[in-house]
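Me: I am new to this structure. Please walk me through how to read it, one feature at a time.

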Amino acid sequence: MKNVVLLGIMTILWVMPVVSQQAGQQTSGSPQAASDQPDNAALMQKIRDLEDRVISLEGQVRTLKSQPAPPPEPAAAPEAAAPPSAPMTQAAAPAYAETSSQAGVLGGAGGSAAKALNPDISAIGDFISVAGHNPVQPSPSLEMHESEIGVQAIIDPYARGDFFLSFGESGVNVEEGYITLTALPASFVVKVGKMRSAFGRVNTLHNHVLPWVDRPLVTNNLVGGEDGLDDAGVSIQRILPAPKGIFLEATGQLFRGDSGNAQSPLFVSSNKSDVSAVAHLRGYRDLTESTNLDLGLSFARGHNDQGSNFLTRLYGIDATLRWKPLRRSIYHSFIGRGEFIWSQRQQFPVEQRSFGFYTSGDYQLGRRWFVGGRFDRSSRSEFANLTDQGGSAVLTYWPSEFSQVRGQYRFTHYAGNIDTHELLLQLMFSLGAHGAHPF
């Protein structure tokens, strides 16, 4: 519309001088001037009409300029988008990103629909350096101890999925991979897949969540080492009614019957019927505004490497005391832990009954610094007359919530009068969105 009005104004402005020139020529001193005066008057009237029209058109132009421009009509999308033949320029990239976000296609990065179909993916690195000699449990001087890949997502309104792949120097292992059904009747929660069992406290923790570089002696001697009670099976969990202020949770689990590792097998399934079972009862209570207590009772039963006629039973008690001020000294806290485990292992010629425990304390010095200590003592599952004990001092620094540096001095007195002094240095770092582990 604006272009048409401007074209009309330009045409009138071009015609007006021509008409004025013709009128002047006709009114000059020619003999025919007197007879043409009516024609000249008509021409002058036309000029005045044209001037009025120009003024009217200029007013319309000013009115059009003062009005906001209407939004452009969306262009029709092509039926099939051809791949670009050349890299996208920097000038075109913002326009392409804006178009993709407005269109809401699944391929657009950051779109809500795309996020709904893509799980949270994380990677955690665990690098360990060890100085000192340990002939009983030797460790390399430098080791990328573990690289964990986590894939977690909500599957639908009724379930979620969690996968944790462990990449070590010995190969790749599915540390955990299970589906959790969260919308069952009577408030039951069911997990199906491969998972760490609910026996005790340390057995449920991944390496990067531990407050120490290593695992306690009782874990290595009685609960299958670093792999621990980790097997394929089904877990059923439910919160039980309890007096006011007490959280009570019961867990029952049934596994295939293979747990531990080659160096310290715990349960071994020789037949399909050689399944293992785990039960755990947990109680939690807030003692004060800044202090809480967590207690647990555990039981595990399974067949061992002696055959289907030989069983191993484990009994455990765990306790965790936490202190964290909420109003003052927010960068100071304390966590005390303890776990006591009894083992009954049937083997030839006699049953072995062993006992082990650890106690530890970790205090937060400041915003990024933590100091702690641990005492270990444990018999061995196959030789209950052999007892190992030791202690550790730990110092941890957190540069940020995504990385930590930890140093640990470890002294161990093994059965047979073997003493070891070791210095362990650990660097851990996290990439991506890694979901919080159970409290």
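Me: Let me begin with Ser333. Why does Ser333 count as buried?

Reply: Buried means under 20% relative accessible area, exposed means over 50%, and partly exposed is in between (1.4 Å probe, protein chains only). Ser333 counts as buried because its relative accessibility is 11%. The model is predicted, so local features need pLDDT of at least 70, side-chain atom pairs count only at pLDDT 80 or more, and totals for chains, interfaces and linings use all residues. Residues are numbered from 1 along each chain as its sequence is written, and side-chain values use heavy atoms, with hydrogens and water left out.

Me: Where is the place of Ser333, and which residues is Ser333 in contact with?

Reply: Helices (H or I, at least four residues) and strands (E, at least two) are DSSP runs, numbered from the N terminus. Ser333 sits in the loop between β12 and β13. Contact means heavy atoms within 4.5 Å. Leaving aside neighbours within four places in sequence, Ser333 is in contact with Trp323, Lys324, Asp362, Tyr363, Gln364 and Phe370.

Me: How many helices and strands does the chain have?

Reply: The secondary structure comes to 5 helices and 18 strands. Of the 439 residues, 35% count as buried.

Me: Take Thr420 next. Is Thr420 buried or exposed?

Reply: Thr420 is buried, with a relative accessible area of 2%. This residue is found in strand β18. Thr420 and His133 are 287 residues apart in sequence, yet 6.5 Å apart in space, C-alpha to C-alpha. Not counting residues up to four places away in sequence, Thr420 touches His133, Asn134, Pro135, Arg410, Phe411, Thr412 and Tyr414.

Me: Which residues have the most contacts inside the largest nonpolar core?

Reply: A nonpolar core is a set of buried Ala, Val, Leu, Ile, Met, Phe, Trp, Tyr and Cys residues joined through side-chain atoms within 4.5 Å. The largest one here has 20 residues, and those with the most contacts inside it are Phe199, Trp212, Val223, Leu229, Ala300, Leu314 and Ile341. At least two residues of this core come from each of α5 (217-222) and β9 (265-267). Among the contacts of Ile341, leaving aside neighbours within four places in sequence, are Phe199, Val218, Leu222 and Val223.

Me: Which residues line the largest cavity?

Reply: On a 1 Å grid over the protein atoms alone, a cavity is a set of points where a 1.4 Å probe fits but cannot get out; lining residues have an atom within 4 Å of a point. The largest cavity is lined by Phe199, Val202, Asn203, Val218, Thr219, Val223, Glu339, Ile341 and Tyr358. Its volume is about 40 Å³, where a volume is the space filled by probe spheres set on the points, which are joined across faces, edges and corners.

Me: And the second largest pocket: which lining residues are closest to its centre?

Reply: A pocket is an open set of points with protein on both sides within 12 Å along at least five of seven lines. The second largest pocket holds about 1,400 Å³ of space. Of its 40 lining residues, the closest to the centre are His208, Val209, Arg337, Trp398 and Gln404.

Me: What about the backbone: which peptide bond is cis?

Reply: The peptide bond from Phe348 to Pro349 is cis, with omega near 10°. Pro349 is found in the loop between β13 and β14. Phi of Asn417 is near 60°, a positive value in a residue other than glycine. Asn417 is exposed, with a relative accessible area of 67%.
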